[in-house]
Amino acid sequence: MNTVSTVSAVRPEPLTIEIGTPVSVAPGILLLRLPLPFALDHINVYLLEDGAGWTLVDTGLDWADSRAAWARALAHPLVGGRPIRRMIVTHHHPDHIGLAGWHALRWSVPLEISAGEWKVSSRYGDPARNPHFERIGLWIENGMAPDDARARAEGMPSNLRMIHPLPQDVRYLAPNDVLGIGGRRWRCVVGRGHAPEHIALFCVEDDILLSGDHVLPRISPNISVWPDGPQNPLAQYLESLGDFAPLGRDPLVLPSHHGPFRGLATRVAEIRELHARRLALLEDFCGTPRTAHECLPQLFNRPLNGQQMAFAMGEAIAHLHCLAGAGRLERTRRDGIARFHRPDGSAT
Ligand SMILES: [Zn+2]
C-alpha cells in the first residue's frame, strides 16, 4: 500500500509483465503479477527454483481474480507443474500474506515470516474486526472532525476479508538469517517503518535483491503511524534505508510493485530526498500550531477517497512525529487535540 508517486532515474528492466503470466527475470527466478482491487492494481510475487519445486515469496490477496490468476500461472509451462515446496512472506500486509493460508493447505508448507510481522498478522484472526474503527481516536486526536472520522471508518470496507485464514504452522525468519534456496544463498535484510519487521532477501553472489515493499521503483512505500504501531516509523524507515543503499554492486532489484530495475542506490537517494522535502514543507507550515489533518493539503494535492485518507492521515502524522523526534517541531495536546509547531523563535 503506497500513496506517493515519484519521478525516478532508476533503470527499468525491459520486460512485458501481464497478470497471471509468469515471466523469467533471472535464471531460476519467475515474477508473477497478481491483480489488486485498489488504485495500486497489482502485486508481484516471486517463484524461486528450489530443486524439484519452487520457493514462493509473497502470495497475493485472497479474492476471485487473484485465485484465477494463480490457476493460470500454475498451469503455465514456465512453472512446469512443479509444486511449491516452501513459502516466505515479506510482511503482514494483506496483498502479501492474503493467500498464505490457501497455499499452506494446498502444498502442505509452513509459512516463513519474521516474528515482528507474525505478531501483527496473527491479529487478523477475527473476521468481524475492522481496523478502521480502531483508527477513529487517532484521527480525531490529529484534527479530523469526529463526525467525519466516524463516517469515513464506516464507509471503508475492511481488507481483512481478503485474507484467507492464516496457516497454523509458522517458522520465524530472523535478521541476517541465510536461506539456501536452489543453488543460491539469500540473506534476510530487515526493513522497518513500512511494516514492523519487513524481510527483504539479498543474494550476494548473483547480486539480486528481492526488495518487497521496502524499496519500490515508482512509488514510495506508505509510512504511517497506526494506533498499535511504532510512533516514529519514518525515523525507523529512513534509518533502515541505510542498510539497503550499500547492498551489492548494482543489484537487480525485484520489487513487489511495478517492474524490476537497477539503480538501487539512486532510488534510495530519491526516496530520502522525497521525505526530506516533505519534512521541510511541514516544518515550514508549522510556524503556527497545526494538526496533521490541517497538513494534508501540504502533502497531497489531490482529493483523497476513504482508503487513501486513512493512509494519508497516517503519513502526515508520521512526518510530524519524525520532525518532533528530531526536535524540529514541538507537540502540544489541548482538549484532546495534538498540534505541532516550530520551537519559539526558530526560522526555517
Ligand atoms: Zn506493504
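Two strands pair if DSSP finds at least two bridges between them. Strands (E, at least two residues) and helices (H or I, at least four) are DSSP runs, numbered from the N terminus. This is a predicted model: local features need pLDDT of at least 70, side-chain atom pairs count only at pLDDT 80 or more, and totals for chains, interfaces and linings use all residues. Residues are numbered from 1 along each chain as its sequence is written.

**Overall build**

The chain has 11 helices and 18 strands. Its radius of gyration, taken over C-alpha atoms, is 20 Å, close to the 20 Å from the globule rule for 348 residues, so the chain is as compact as a globular protein of that length. That rule is 2.2 Å times the number of residues to the power 0.38. The C-alpha trace spans about 65 × 45 × 35 Å along its principal axes. Of the 348 residues, 43% count as buried. A residue is buried if 20 or more other C-beta atoms lie within 10 Å of its own, exposed if 12 or fewer, and partly exposed in between, with C-beta atoms placed from the backbone. Two residues are in contact if their C-beta atoms, also placed from the backbone, lie within 7 Å. Among contacts between residues at least 6 apart in sequence, 68% join residues at least 24 apart.

**The core**

A nonpolar core is a set of buried Ala, Val, Leu, Ile, Met, Phe, Trp, Tyr and Cys residues joined through C-beta atoms within 7 Å. The largest one here has 79 residues. Tyr-46, Met-87, Leu-209, Met-313 and Leu-320 have the most contacts inside it. Helix H11 (residues 306-325) gives the largest share of this core, 10 residues. Tyr-46 touches Ile-29, Leu-30, Leu-31, Val-57, Asp-58, Leu-210 and Leu-254, leaving aside neighbours within four places in sequence.

An open sheet of 7 strands runs in the order S3-S4-S5-S6-S7-S8-S9, with mixed pairing. Strand S3 (23-26) and strand S9 (170-173) are its edges, each pairing on one side only. The twist averages 30° from one strand to the next. Axes are lines fitted to C-alpha atoms, for helices over the stretch in contact, and angles run from 0 to 180 degrees between N-to-C directions.

| S7 (residues 84-88) and S8 (residues 111-114) | parallel | 2 bridges | Met-87 with Leu-111 |

In H3, Ala-100, His-103 and Ala-104 are buried. They cover an arc of only 105° around the axis, which puts them on the same side of H3. The arc is that of the directions from the helix axis to the C-beta atoms. The buried residues of H3 pack against S6, S7, helix H2 (94-97) and S8. Just after H3, Ser-108 takes a positive phi of about 55°.

**Outer parts**

S17 and S18 form a hairpin with 2 residues between them. Asp-335 in the turn has a positive phi of about 50°. Asp-126 sits in the loop between helix H4 (115-121) and helix H5 (131-134). Asp-126 counts as exposed, with 8 C-beta neighbours inside 10 Å.
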